[in-house]
Amino acid sequence: MSKNKKIAKPKHAKQGSGSAHHITKKEVQRITRLLLEEQEDQVLSYKQVCYAFGKTTMAQKRTIYHALQELAEAGELQELEPGRFVRSGQQTGLRLEGRFDYRAGRPSFVPDDPELEPIALDERGLSTALHGDRVVLSCHRTRRGQLKGARISEILERAQATYVGTLQQSRGFTFFVTPNRELRQDIFIPEAKLKGATARDKVLVQVTDWEPRAKNPKGIVLDVLGEAGANDTEMHAILAEFGLPYRYPEEVERAAEELTDEISAEELKHREDFRGVLTCTIDPRDAKDFDDALSFRRLPNGHYEVGVHIADVSHYVPEGSLIDEEAYRRATSIYLVDRTIPMLPERLSNYLCSLRPDEDKYAYSCVFELDEQARLQGARITRSVIRSQRRFTYEEAQEIIESGQGDHAEAVLTLHRLAQQLRARRFEHGSIAFDRPEVRFELDAEGRPLEVIIKESKPAHQLIEEFMLLANRTVAERIADATRRDIQPPLRLEGKAPTFVYRVHEAPDEEKLHSLADFVRPFGYQLRWQGGGDAVAKSLNELLAAIKGRPEEAMISMLAIRSMAKARYTTTHIGHYGLGFESYTHFTSPIRRYPDLMVHRLLTRYLIEGKRSADLGRTEERCDHSSEMESLAANAERASIKYKQVEYMIPRLGQQFWGIVTGLADWGIYVELEENKCEGLIPARELTDDYYEYDEANYCLVGRHTGRRYRLGDRLEVTVAQANLERKLLDFALAGAEDEASRRGMYARSKGGSRSGAKTKDKGARGSKSHGKGRGRRER
């Protein structure tokens, strides 16, 4: 029906001014049904219903509209858009299947059809959908092709999501509340499903049902994590938030305890013996899972033999075993601020497989012959037995490098010199020199942070890094190129390269590099964004070197990192752009990474057993799973760091610090403090001198009237205004400005309502750095 077309007033409708007549909802609904009968297959607007009653007051118009909405809620009408209705089933239009998304309180529908864009939804059309549910969206398409009247009409499959939060108990009822903004409503928990939890506890909850007419979904407590605020509870809560395990199944622990540590004579017949060769480990001070060791000796021809020896987890964990299935499910160890959540049971990770000093251990080894210039003369991949003579911490190895004195000083100094030569050559051939600082915490006995320590990559770290990179690269090259004669043993399979697990990093998007080149040009820098990979990488390294120590260093290095793709696992051999390697894999950490265990098994399959290629589809599926779990683990690690940073800043509310702008958005400025790398938000509404808008192209907030700009990399002095532990958020205020938060008594501790919690997505913001494990998330 045309928008301007008026329908005749039905004889059943009231005539006259309407000003004195009291209109009831029941009367409106009766007239509406009659109107729809007389105007079949037409859209009926609420204004047309008002016209049927003659002249109506504002109160009567509200009554009419509410009556129509009730018919829509009851399913008799369908509201195509605010104020326009059809009889249900009359214009069903499109029926789309997809996923319901409710991030940060903004509902949308993500269609299965990749050709369709996500569709924003109105709160009234959500039915009982929860974030992640598979749903049906009903809507119709206008003559101009627009989708109208979108609403969720059916729940196909519930997401098995779990939530972490606390309980609120009042008048005999218990509701679950959470800071997780993916949950639309608090969850009602029946008394029989509380599992003994009280309002003091932090709990893990799952939705079991949401009846159509119920205001709240119903759920059960899956686990009681402990008393809210306790360190162990909060660390377990972070793991649970990301769906990561925080306990080991008892049957898997028992299976690990049954494994023997015997070094058998029969097994030694099949292994190269390095127990008489100088071998050592270099790890963080608090490490227990020593998964790599280095051996060193000078050869009669004057060259050096360097062995990279990796814990042979595959000897103890057969594929398909109970332990293997649990390791695959986890896919990675997780390094939170105060603990390690291991991929393997402790008996394996810290004892049987750990290359501890003065103990015979099975290993998988990549042994190199290097000349004085650290050029590769040959390599061999072999199963071995080793015995570490010395366990060095990074600090001890660094002291030997700096002083020239200490245990096995000659070997350590030679390894250091060779590593630096490998490093220099690597950067010459296209490796990109990203070097972002990481943080770790000194904690008290209760897990409270006493000090934030900024970690540096020193030569001792680089010594280990370069030889691990060399081993990973050599193993990948052995499988990818059967013609190589300098890597033994030969690849027995003929034809194309067999299925293998590669660690790949794709070239950055050219458009992003072009944008970065345009951005740095006004600062006087040139960046090559087209051409061969080596040329672009060299130009990028020159840029990173040129900005060292400059005011714009933080800003430009951040933007450069954001222009890069994300590394992942795959069976596709496409190389590693960031390292400048044509072939690369992960071989060196099977205690803490499942893909490394897969690589060990594939090496045995191809180089020792001579079996045919492994199944491509199954291997790729396992690569995808490992990449996903790596991402989840990294998110959990960042969350634990953020939690401790906020906890560390609570006693410092009201204090002032200098920081660097690390992100910008319409809602404010993200600032990282120089002293401790804690990051917080200056809400835009606290910038009271002007109305600021985000200029996405130039990475700045611009005052509409003053023209004042806040840019990435700017150095600001800020006051710590609020700290919200529950949401892991800090609010800052510009120092020197009138501190409204203080004046109004709004400083908050622990669970206080942080204003920055309202919006968390930011095209420019970056997450806190992962503390890793000294070697944590680096590519080795």
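Mentor: A331 sits in the loop that runs between helix α8 (322-330) and strand β18 (334-335), and what follows describes a predicted model. The backbone at A331 deserves a careful look, for its phi is near 70°, which is a positive value in a residue other than glycine. In terms of position, A331 comes after α8, and the positive phi is found there. Is A331 buried or exposed? A331 counts as buried because its relative accessibility is 2%, under the 20% cut-off for that class.

In α8, the buried residues are I323, D324, E326, A327, Y328 and R330. What do these buried residues of α8 pack against? Their partners are the helices α5 (250-257), α9 (346-352), α16 (594-608) and α17 (616-649), together with the strand β19 (340-341). As a general point about such elements, an α-helix has 3.6 residues a turn, so residues three or four places apart point the same way.

A374 is buried because its relative accessible area is 2%, which falls under 20%. Another backbone feature belongs to a proline: P489 lies in the loop between β25 (487-488) and β26 (502-504), and the peptide bond that joins Q488 to P489 is cis, with omega near 0°.

For an alanine inside a helix, turn to A560, which lies in α15 (residues 553-562). Its relative accessible area is 0%, and A560 is therefore classed as buried. Setting aside residues up to four places away in sequence, A560 touches F434, L516, L540 and L544. Computed along the sequence A560 and L513 are 47 residues apart, while their C-alpha atoms lie 8.0 Å apart in space.

Another helix, α1 (residues 25-38), can be described by its length and its burial. It has 14 residues and reaches 20 Å from first C-alpha to last, close to the 20 Å expected at 1.5 Å a residue. Its buried residues are E27, V28, Q29, I31, T32, L34, L35 and L36.

Empty space inside the model is the next topic. Rolling a probe the size of a water molecule over the atoms shows where empty space is left. Searching the whole structure in this way gives four cavities of 30 Å³ or more, and the second largest cavity holds about 70 Å³ of space. Its lining consists of V164, G165, P179, K202, E234, A237, I238, E241, Y643, L725, E726 and K728. The elements that give two or more residues to this lining are β9 (162-170) and α4 (231-241), and α4 supplies the largest share, with four residues. Sorted by class, the lining of the second largest cavity has six nonpolar, one polar and five charged residues.

One of those lining residues is E241, which is found in helix α4. E241 counts as partly exposed because its relative accessibility is 37%, between the 20% and 50% cut-offs. The C-alpha atoms of E241 and A161 are separated by 9.7 Å, although the two residues are 80 residues apart along the chain.

These details can now be set within the whole chain. The protein chain has 18 helices and 35 strands, and 51% of its 780 residues count as buried. Among contacts between residues at least 6 apart in sequence, 67% join residues at least 24 apart.

Confidence should be kept in mind throughout. The mean pLDDT of the chain is 87, and 89% of the residues reach 70 or more. Over residues 1-20, however, pLDDT stays under 50, and the model has 40 contacts beyond four places in sequence for that stretch. Residues 738-777 have pLDDT below 50 as well, with 128 contacts in the model beyond near neighbours in sequence.

Note on methods
Residues are numbered from 1 along each chain as its sequence is written. This is a predicted model: local features need pLDDT of at least 70, side-chain atom pairs count only at pLDDT 80 or more; totals for chains, interfaces and linings use all residues. Side-chain values use heavy atoms; hydrogens and water are left out. On a 1 Å grid over the protein atoms alone, a cavity is a set of points where a 1.4 Å probe fits but cannot get out, and a pocket is an open set with protein on both sides within 12 Å along at least five of seven lines; lining residues have an atom within 4 Å of a point. Grid points are joined across faces, edges and corners, and a volume is the space filled by probe spheres set on the points. Ala, Val, Leu, Ile, Met, Phe, Trp, Tyr, Cys and Pro count as nonpolar, Asp, Glu, Lys and Arg as charged, and the others, Gly among them, as polar. The expected span of a helix is 1.5 Å times one less than its number of residues. Buried means under 20% relative accessible area, exposed over 50%, partly exposed in between (1.4 Å probe, protein chains only). pLDDT is the predictor's confidence in each residue, from 0 to 100. Contact means heavy atoms within 4.5 Å.
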